Amino acid sequence: MPDTARTDLQTATRSGIGRVLIALYALFSVAAASRSAVQIGARFDDAPVAYLLSAFAALVYIVGTVCLARASVVSRRIATISCVVEIVGVLAVSIASYAVPQEFPEPTVWSHFGSGYLFIPVILPIAALWWLRRTDTGRAGKG
């Protein structure tokens with residue numbers, strides 16, 4: 001890919017709404033990582049599944065943050081995969097947190113569709129996927 005096209009792709013991904021998405025992903029990375037570290041370190045036996053899922057969510061948010069910020073062709077693909085993993089994770093954990101609440105005595109970032117976080121965990125990956133698709137310069141003008 002020529003340098004100009006790479007720069008255009010990165011500029012498109014990182015501008016406007018992209019900056020907000022990167023900031024939200026960074027915020028959720030710190031929040032989920034901090035929360036899971038405290039939970040695992042202090043009370044792991046209380047809810048190991050929930051706390052490990054929060055740690056996994058933190059890793060997904062970190063990958064999303066880095067990949068959205070880099071905005072290269074490869075990192076955008078990884079960000080897309082990360083968003084899909086995030087949506088599947090939110091849906092699976094949410095359904096499980098309602099279906100078998102005894103397995104989730106403590107909430108995770110993804111429990112109950114992210115209700116403890118204003119439903120941002122379910123909205124964020126959808127918004128990121130939309131933005132990645134919208135700023136895909138390889139698709140520009142293709143309908």
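Mentor: Fine. This is a predicted model. Start with S82, which sits in helix α4.

Trainee: Is S82 buried or exposed?

Mentor: S82 counts as buried, because its relative accessibility is 6% and the cut-off for buried is under 20%.

Trainee: What is S82 in contact with, leaving aside neighbours within four places in sequence?

Mentor: V60, V63 and G64. Those three also belong to the α3 side of the contact between α3 and α4.

Trainee: OK, then how do α3 and α4 cross?

Mentor: Their axes come within 8 Å and cross at roughly 155 degrees. That makes α3 roughly antiparallel to α4, since the cut-off for that label is over 145. The crossing is left-handed.

Trainee: Which residues make that contact?

Mentor: On α3 they are L53, F56, V60, Y61, V63, G64, C67, L68 and R70. On α4 they are S75, I78, A79, S82, V85, E86 and V93. The set divides into 11 nonpolar, 3 polar and 2 charged residues.

Trainee: Moving on along α4. What angle does α4 make with α5?

Mentor: About 150 degrees, with the axes 9 Å apart. Here α4 covers residues 73-99 and α5 covers residues 120-134. The two are therefore roughly antiparallel, and their crossing is left-handed.

Trainee: And which residues are in the α4 and α5 contact?

Mentor: α4 contributes R76, A79, T80, C83, V84, E86, I87 and V90. From α5 come P121, V122, L124, P125, I126, A128, L129 and L132. By class, there are 13 nonpolar, 1 polar and 2 charged residues in this contact. Note that A79 and E86 of α4 are listed here and also in the contact with α3.

Trainee: What about the loop between α4 and α5? Where is phi positive?

Mentor: Two residues to look at are H112 and F119, both located in that loop. Phi is near 50 degrees for H112 and near 65 degrees for F119. Neither residue is a glycine.

Trainee: Why flag that?

Mentor: Because most residues other than glycine have a negative phi.

Trainee: How accessible are H112 and F119?

Mentor: Both are partly exposed. The relative accessible area is 27% for H112 and 40% for F119.

Trainee: Different topic. How far apart are the end C-alpha atoms of α2?

Mentor: They are 38 Å apart. The helix has 27 residues, 17-43, so at 1.5 Å a residue it should span 39 Å, and the two values agree.

Trainee: Which residues of α2 are buried?

Mentor: G18, L21, I22, Y25, F28, S29, A32, S36 and Q39. Several of these turn up in the contact with α3, including L21, Y25, S36 and Q39.

Trainee: How do α2 and α3 pack, then?

Mentor: The axes come within 8 Å and cross at roughly 155 degrees. α2 and α3 are therefore roughly antiparallel, and α2 passes α3 in a left-handed crossing.

Trainee: Who meets whom there?

Mentor: On the α2 side, the residues include I22, A26, F28, S29, A32, I40 and R43. Among those on the α3 side are Y51, L52, A55, A58, I62, T65 and A69.

Technical notes
Residues numbered from 1 in each chain as written. Predicted model: local features only at pLDDT ≥ 70, side-chain atom pairs only at ≥ 80, totals over all residues. Heavy atoms only, no water. Axes fitted to C-alpha atoms, helices over the stretch in contact; angles between N-to-C directions. Helix = DSSP H or I, 4+ residues; strand = E, 2+ residues; numbered from the N terminus. Parallel < 35°, antiparallel > 145°, perpendicular 65-115°, else oblique. Left-handed = near helix turned anticlockwise from the far one by under 90°. Contact = heavy atoms within 4.5 Å. Nonpolar A, V, L, I, M, F, W, Y, C, P; charged D, E, K, R; others polar. Expected span 1.5 Å × (residues − 1). Buried < 20%, exposed > 50% of the residue type's maximum accessible area, 1.4 Å probe, protein only.
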